[in-house]
Amino acid sequence: MCQLLGMNCNTPTDITFSFSGFSQRAGVTDHHSDGWGIAFFEGRHDAPPEAPDKGVRLFVDHEAASRSAIAQLIRSYPIKSRNVIAHIRKATQGEISLENCHPFVRELWGRYWVFAHNGNLENFQPHLHRQFQPVGDTDSERAFCWIMQEIAKSHAAMPSVEELTRTLRELMPQLASHGTFNMLLSHGTALWAHASTQLHYIVRQAPFTTAQLSDEDVSIDFSDVTTPQDRVAVIATLPLTTNEQWTAFASGELRTFVDGTPLDC
């Protein structure tokens, strides 16, 4: 199956350290070599801190992330964002092609939504309305289109993060009933993560320490590159570091992250 990586922060932060180790799982330390992608939410430079980040930079490639020239750009260029979703693919449904690479992006209520899935949904052929249709032939993109359709049916306009969490909590079991459904979803303010099987997260905040990647001989002292006010949540299929305490999701658990904090909602 695939692997997921997400980041949610209270201030724009780069993901180069985490992505460097994560991309090695696409053919070097693991076998997820059937394409990859990453999406960064970005706001206007003159927007107030509380404004949602409406812009999205999306990079996808059907080549393995460990040898993709585009992935090398991401590993070396510090794009800063408050919400990031990345994915490395091991194909289960759908051919190896650009249109089947995650993350997928759709628009609703004048906002971009970004989604990535790890798992396999059997016999999932929902009736989709015209507004949300898959471009590729994966179960993952069908699931995303269905989620967007059901959210749009449930709310007349953009609801609060808490309301969206309640709606997603009703939808997730319906998808998981078809198989394995680990996913990341964001609209630029919050990041939602759901686990069927494997998903872990960590929140980094002051006092910051040194972290060592598990897939590369690379470490970083976060106290050198952060301020005491920074807070960063990282979500990954499997822990990315060897010397930090990651928290495992329970099966069927949905968590909501805002400003680097997992919310109780």
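Modeller: Happy to. Accessible areas here come from the Shrake-Rupley method with a 1.4 Å probe, and for residues the cover counted is that of the protein chains shown. On that basis the accessible surface of the chain is about 11,300 Å², with 48% of it belonging to carbon and sulfur atoms. Please keep in mind that this is a predicted model.

The chain holds four helices and 15 strands, and its C-alpha trace spans about 50 × 40 × 35 Å along the principal axes. A compact globule of 265 residues would have a radius of gyration near 18 Å, so the 17 Å of this chain agrees with that expectation. Of the 265 residues, 53% count as buried. Among contacts between residues at least 6 apart in sequence, 72% join residues at least 24 apart.

The part I would pick is strand β8, residues 190–194. Five of its five residues are buried, so β8 is largely enclosed by the rest of the structure. Buried here means under 20% relative accessible area. In a regular strand, side chains alternate between the two faces of the sheet. For β8, one side carries Ala190, Trp192 and His194 and the other carries Leu191 and Ala193, and both faces are covered.

What does β8 pair with? One partner is β7 (residues 179–186), joined to β8 by four bridges in the antiparallel sense. The two form a hairpin with three residues between them, and Gly188 in that turn has a positive phi of about 95°. Another partner is β14 (residues 254–258), which is also antiparallel to β8, over five bridges.

An α-helix has 3.6 residues a turn, so residues three or four places apart point the same way. As for its length, at 1.5 Å a residue the 16 residues of α4 should span 22 Å, and this agrees with the 22 Å between its end C-alpha atoms.

For comparison, look at the open sheet elsewhere in the chain. Seven strands make it up, in the order β3-β2-β4-β1-β12-β9-β13, with antiparallel pairing. Its edge strands are β3 (55–61) and β13 (247–248), each of which pairs on one side only. Helix α1 (residues 16–23) packs on this sheet, touching β1, β2, β4, β9 and β12, and its direction makes about 170° with that of β1. Within the sheet, eight bridges join β1 (residues 3–14) to β4; one example is Gly6, whose bridge partner in β4 is Ile85.

One last stop, in a loop. Glu99 lies between β4 (80–88) and β5 (104–108), and with 39% relative accessibility it counts as partly exposed. Leaving aside residues up to four places away in sequence, Glu99 touches Phe104, Val135, Gly136 and Glu141. That makes a friendly contrast to β8, where five of five residues are buried.

Technical notes: Residues numbered from 1 in each chain as written. Predicted model: local features only at pLDDT ≥ 70, side-chain atom pairs only at ≥ 80, totals over all residues. Heavy atoms only, no water. Buried < 20%, exposed > 50% of the residue type's maximum accessible area, 1.4 Å probe, protein only. Contact = heavy atoms within 4.5 Å. Pairing = 2+ DSSP bridges. Axes fitted to C-alpha atoms, helices over the stretch in contact; angles between N-to-C directions. Rg over C-alpha atoms; globule rule 2.2 N^0.38 Å. Expected span 1.5 Å × (residues − 1).
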